[in-house]
Amino acid sequence: MEKTWRWFGKKDPITLQMLRQIGVEGIVTALHEVKNGDVWTYEAIMDLKNYIEAAGLRWSVVESLPVMESIKYGGPDRDELIEKYKISLANLGKAGVKTVCYNFMPVLDWARTDLYHTWADGGTSLYFDKVEFCYFERYILKREGAEKDYTDEENAKADEMSKHMTKEDNDRMVENIIIKTQGFVNGNISEEDFDPVGKFRSLLALYKDIDRDALRENMRYFLSAIMPTCDEWGMNMCVHPDDPPMQLLGLPRIVTCDEDIEWFLNAVDNPHNGLTFCCGSLSAGAQNDIPELARKYAKRTHFVHLRSTNVEPNGNFIEADHLAGRANLIEVCRIFEEQNPGLPMRVDHGRCILGDEKGSFNAGYSFHGRMLALGKMDGVMATIKYMNANK
Ligand code: DNO
C-alpha cells in the first residue's frame, strides 16, 4: 500500500519536508480554508497540488470533501449543494486528484469523551466513556428521552457524576465532545462559536424526522446524483464509517457494520462508490470482525485507515497501540497487500508521546505518536512483501 499521511495544509506545523524524511509517499489533505459547501476551484486545487509535488510528494487522497447537512437530511437546497459538490469533484478530477473520503454521519464527524487519556507510561490516547457521554447528553445537552438509550446502571452512574461535576468539568466535556474533535475537520462547530451547545441542539433538531431509512435514502440520492461525474472523471468516492459505529444522540447512523456496508455498496452498485476502510472506527464496534470485513470489502475499498481499539465489556473504548487491540492490523495489511495492494493507507491517529502534548496538534493527530505508528506499519508491510516474494 502507499504510505500516506494526513496533513492539514500549509499552516500545519508538521512540514512536507519532515514527512519525506519519515518515509511518507502520499499526502491526504483538503482545502481546509474553503467554507463547507463552497466550490473547490481548479486553481485552488492546483495551487495546493503543485505545492505538495514541489516537495516530492503526491496528493493521494482528499479527506474530506464535506457533505453538507442539508444533503444528509434532505433539505430544500440539497440539489443546489449536490451540483456544487459535482463541480468540486470535476475540478479535482481534472487536476488528477481522484480519491475522495467523506462521511454521511449526521451532525458529528466523530466523537470521544477524553482526548488525553493517560496510560501507565505517561503517554495519552483518545478514549470514549459511555457513562460520560450519557452524562453529557442528559445533563449538558438535556436531550429529551436520552436516558432511554442507556442502561439503568449507566444512568445511575451519570446521576452520581452529576453530584460532583463543576462548571469547568462541564466546559471541558463540551470542548472534548463537540468542539476540539470537530473544528479542524471543517465540522459544524468551531472554537469561535459563542454558544456551541445551543448550536449543537439546533443541528440535532434538523434530524427530528429523519430515521435510518430516510437517511439511507438520502445517501442513495446523493450517490446516484454524483456517480455520472465520478464515471466521467474516474473519481473514487470512499465513505468513512461512523465513528464510533453505534447509535448516538438519537441520530440515525448508517455506516456501522457489515450489513450497512453491504447496503450502501449495493444501493449504488458502481465501483466508484466505495469505502474508506477505517479499522479504528470499525473496531470500536464489538459487532465487527475487522479482518473478516477486510476480506469481504477489500475490492470496494479505495483508502485504508490503520488504527486499532480495545473495547471494554461496558462499551467504553480506547485507541490502542497500532500492533495491539482488536483490529488485528497485521492480518488486515496482509489481506490488503494481497487483494488490493496499490491502495493508499494512512496511520489514523497516534498517541501523544515524547512531548506531543505540548505541540499544537489537532486532537488525535500527534507527530511522534503517528510517526511511531507509521514506522511499525511500514515494518509490517515490508515483512509481508518480503514473505510473499520468498514463499
Ligand atoms: C477523524 C477522522 C474523521 C474523518 C471524516 C471523513 O480523525 O477520521 O474526521 O476524516 O469523518 O469525512
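A residue counts as buried when its relative accessible area is under 20%. In this predicted model, that cut-off applies to His-272: its relative accessibility is 16%, so His-272 counts as buried. This histidine belongs to the loop that runs between helix H10 (258-267) and strand E8 (273-278).

Two contacts of the His-272 side chain can be followed from there. One goes to the backbone, where the side chain reaches the backbone oxygen of Met-235 at 3.1 Å. The other is between side chains: His-272 and Asn-236 are joined by a polar contact of 3.1 Å.

The ligand is the next place to look. Its site is the largest cavity. Around the ligand there are 13 residues, of which Glu-63, Ser-64, Asp-109, His-349 and Tyr-365 come nearest. Sorted by class, this shell consists of 6 nonpolar, 4 polar and 3 charged residues. Strand E4 (residues 99-103) gives the most to the shell, with 3 residues.

For Asp-109, the distance from a polar side-chain atom to a ligand oxygen is 2.5 Å. For His-349, a polar side-chain atom lies 2.6 Å from an oxygen atom of the ligand. Asn-103 also has a polar side-chain atom at 3.0 Å from a ligand oxygen. On its own, the ligand has 330 Å² of accessible area, and the protein covers 100% of that area.

Methods: Residues numbered from 1 in each chain as written. Predicted model: local features only at pLDDT ≥ 70, side-chain atom pairs only at ≥ 80, totals over all residues. Heavy atoms only, no water. Near = heavy atom within 4 Å. Polar contact = N/O pair within 3.5 Å; in protein donor to acceptor, adjacent residues only side chain to side chain. Areas by Shrake-Rupley, 256 points an atom, 1.4 Å probe, with all protein chains shown as cover. 1 Å grid on protein atoms, 1.4 Å probe; cavity = no way out; pocket = protein on both sides within 12 Å on 5 of 7 lines; lining within 4 Å. Sits in = over half its atoms within 2 Å of the grid points. Helix = DSSP H or I, 4+ residues; strand = E, 2+ residues; numbered from the N terminus. Nonpolar A, V, L, I, M, F, W, Y, C, P; charged D, E, K, R; others polar. Buried < 20%, exposed > 50% of the residue type's maximum accessible area, 1.4 Å probe, protein only.
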